Amino acid sequence: MKHVPYLDLRKINAEIQSELELAFSQVLASGWYILGEALKTFEAEFADYVGVKHCVGVGNGLEALHLILRAYEIGPGDEVIVPSNTYIATWLAVTYAGAQPIPVEPDPRTYNLDPTRIAAAITEQTRAILPVHLYGQPAEMDAIMAIAEQYNLVVVEDAAQAHGSRYRGRMCGALGHAAGFSFYPGKNLGALGDAGAVTTNDDHLAEAVRSLRNYGSKRKYENERKGFNSRLDEVLAALLSVKLPYLEDWNRRRQVIADVYTRAFSRIPELTVPYVPDSSTHVWHIYPLRCAHRDALQAYLAGEGVETLIHYPIPPHLSKAYADLNFTRGAFPLAEEISQTELSLPISPVLSLAEAERVTQAVTAFFGDGAGK
């Protein structure tokens, strides 16, 4: 039985190994490893790709969001609207800034922040909205931006899973006032280690983040702010520059796999396949299948050699980390339902069509054999 991995990073990197090795050797030979030319090059390239004036490389995706909030001077006493259905890093960025995360439930079709629920959560303390382009699909940004303009709020995109995703033809990362990206190795554009970036058209915001990432300093030993050490290093920046030209093709390969899955699983009544509005270009960082028999299906697929994951088994409001907010089970039922039914299937630019067919056959067999009844 051939194993189908959830994600094979070695195989992805092997496709361009010689280019990655050359980039590494050039940085090694340069003798300059922090805030150098490789970073400046990648920042310019990624800003151009996203379609914004500024890209600021930082240590990781969580720090990208955190530093944006700090740069906007959002902190104690302030509230930030966040999705109830997201990875906990979205909430942690708000907490690190000293502000309060205010959860809002998702649209049950897209799993993204539901704009129709936002206004009810806004108070005099609300400073920002932090929508997540979850799984690689854009949030409903026109509606979110209209609400933000009405209430004079900042919109910070969590684009950690949305490299190359587009909303009404515009790139995620250029839709709000600023955006935070993660280049964690498993992302569609992944580094060989933790890495992140901030994108924005706001000159002041970009300048502030550049200072905050480097101890609050623009010039050595002159510290204007109480800053942090959160810099995207030269090696990872150089490797990301190698990978960036391949991103569009890698995303297209993911889209082909997603189409195979959706066609096959749309015929199975017990399954809920992802809904993609006409306004969105999904890049399928994750293929989120939903099933009431999720745990049994996952166990069956494991027995068939198909590796799967769950994104995410514990919603932030039920995590021990946020026990101090005193949310009880049932507080955000949509987020809880998704956490109990979501199953992520293998998807990557190096997953073959034959492997995808093996996945569809195994899932179909689970229901056809009556195992899911």
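Six nonpolar, three polar and one charged: that is how the residues lining the largest cavity divide. Here Ala, Val, Leu, Ile, Met, Phe, Trp, Tyr, Cys and Pro count as nonpolar, Asp, Glu, Lys and Arg as charged, and the others, Gly among them, as polar. Before I go on, please keep in mind that this is a predicted model, where local features need pLDDT of at least 70, side-chain atom pairs count only at pLDDT 80 or more, and totals for chains, interfaces and linings use all residues. Residues are numbered from 1 along each chain as its sequence is written, and side-chain values use heavy atoms, with hydrogens and water left out.

So, who lines that cavity? You will find Arg109, Thr110, Tyr111, Leu134, Tyr135, Gln137, Pro274, Tyr275, His282 and Pro288 around it. By cavity I mean a set of points on a 1 Å grid over the protein atoms alone where a 1.4 Å probe fits but cannot get out; lining residues have an atom within 4 Å of a point. The space inside is about 50 Å³, with points joined across faces, edges and corners and the volume being the space filled by probe spheres set on them.

The whole structure has two cavities of 30 Å³ or more. Val52, His177 and Asn201 are among them. Two strands, β8 (178–182) and β9 (196–200), each supply at least two lining residues; strands (E, at least two residues) and helices (H or I, at least four) are DSSP runs, numbered from the N terminus.

That brings us to the sheet. β8 and β9 run antiparallel, joined by five bridges, and serine 182 has glycine 196 of β9 as its bridge partner. Strands pair if DSSP finds at least two bridges between them. The open sheet has seven strands in the order β1-β9-β8-β5-β4-β2-β3, with mixed pairing. β1 (54–58) and β3 (100–104) are at the edges with a single partner strand each, so one side of each is left without a neighbour in the sheet.

Last, have a look at two helices. The axes of α4 (residues 61–71) and α7 (residues 203–212) come within 9 Å and cross at roughly 120°; axes are lines fitted to C-alpha atoms, for helices over the stretch in contact, and angles run from 0 to 180 degrees between N-to-C directions. Their contact (heavy atoms within 4.5 Å) includes Leu67 and Ile68 of α4 and Leu205 and Ala208 of α7. By class, this contact has seven nonpolar, no polar and one charged residues.

Key. On a 1 Å grid over the protein atoms alone, a cavity is a set of points where a 1.4 Å probe fits but cannot get out, and a pocket is an open set with protein on both sides within 12 Å along at least five of seven lines; lining residues have an atom within 4 Å of a point.
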